[in-house]
Amino acid sequence: MSQRHIDVSVLAGEACPVSEVLDHVSGKWSIGILVAAAQGPIRFTELERSITGISRRMLTLNLRKLERDGLLVRTVHPVVPPKVEYALTDMAQELHKSLLELTDWAKRHGSTVAAAQAAYDREHNS
């Protein structure tokens with residue numbers, strides 16, 4: 001067996017949990033929620049206003065999912081009217097830093113990727 005041989009079954013076993021986690025945190029709405037909550041506790045209505053195009057139902061579902069995943073903490077304050085705030089956990093703060101790094105990478109290399117795509121398309125669509 002060559003050194004370049006890779007046991008795909010081992011990779012598939014490792015990739016499954018990774019893919020599941022990435023699916024949860026890389027969704028269209030999840031990223032927006034994490035970014036909006038990164039500056040500190042934020043209320044539902046503030047989240048709703050800051051994430052363009054999200055419905056109340058979709059926001060609620062995603063907040064529950066992120067809370068279940070251990071990325072958000074939901075705090076209910078015993079006041080009238082009820083006050084509910086969402087904040088990132090330490091794990092989510094770490095993820096936010098990674099998202100910022102990925103965003104910076106995309107900004108730095110976006111035009112290079114677009115140029116590579118255009119070159120590929122010219123070469124393969126001729």
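Two strands are taken to pair if DSSP finds at least two bridges between them. Helices (H or I, at least four residues) and strands (E, at least two) are DSSP runs, numbered from the N terminus. The model is predicted: local features need pLDDT of at least 70, side-chain atom pairs count only at pLDDT 80 or more, and totals for chains, interfaces and linings use all residues. Residues are numbered from 1 along each chain as its sequence is written, and side-chain values use heavy atoms, with hydrogens and water left out.

β1 pairs with strand β3 (residues 83-88) in the antiparallel sense, over two bridges. R43 has E85 of β3 as its bridge partner. The open sheet consists of three strands in the order β1-β3-β2, with antiparallel pairing. β1 (42-43) and β2 (72-77) stand at the edges, each with a single partner strand, so one side of each lacks a neighbour in the sheet.

Helix α2 spans residues 28-37. Its residues W29, S30, I33, L34, A36 and A37 are buried (under 20% relative accessible area, 1.4 Å probe, protein chains only). These residues cover an arc of only 165° around the axis, which puts them on the same side of α2. The arc is that of the directions from the helix axis to the C-beta atoms.

α2 packs with helix α5 (residues 90-124) at an angle of about 105°, and the axes are 10 Å apart. Axes are lines fitted to C-alpha atoms over the stretch in contact, and angles run from 0 to 180 degrees between N-to-C directions. The two helices, α2 and α5, are therefore roughly perpendicular (65 to 115 degrees). I31, L34 and V35 of α2 make the contact with A92, L95, H96 and L99 of α5 (heavy atoms within 4.5 Å).

Notes:
Buried means under 20% relative accessible area, exposed over 50%, partly exposed in between (1.4 Å probe, protein chains only). Angles under 35 degrees count as roughly parallel, over 145 as roughly antiparallel, 65 to 115 as roughly perpendicular and the rest as oblique.
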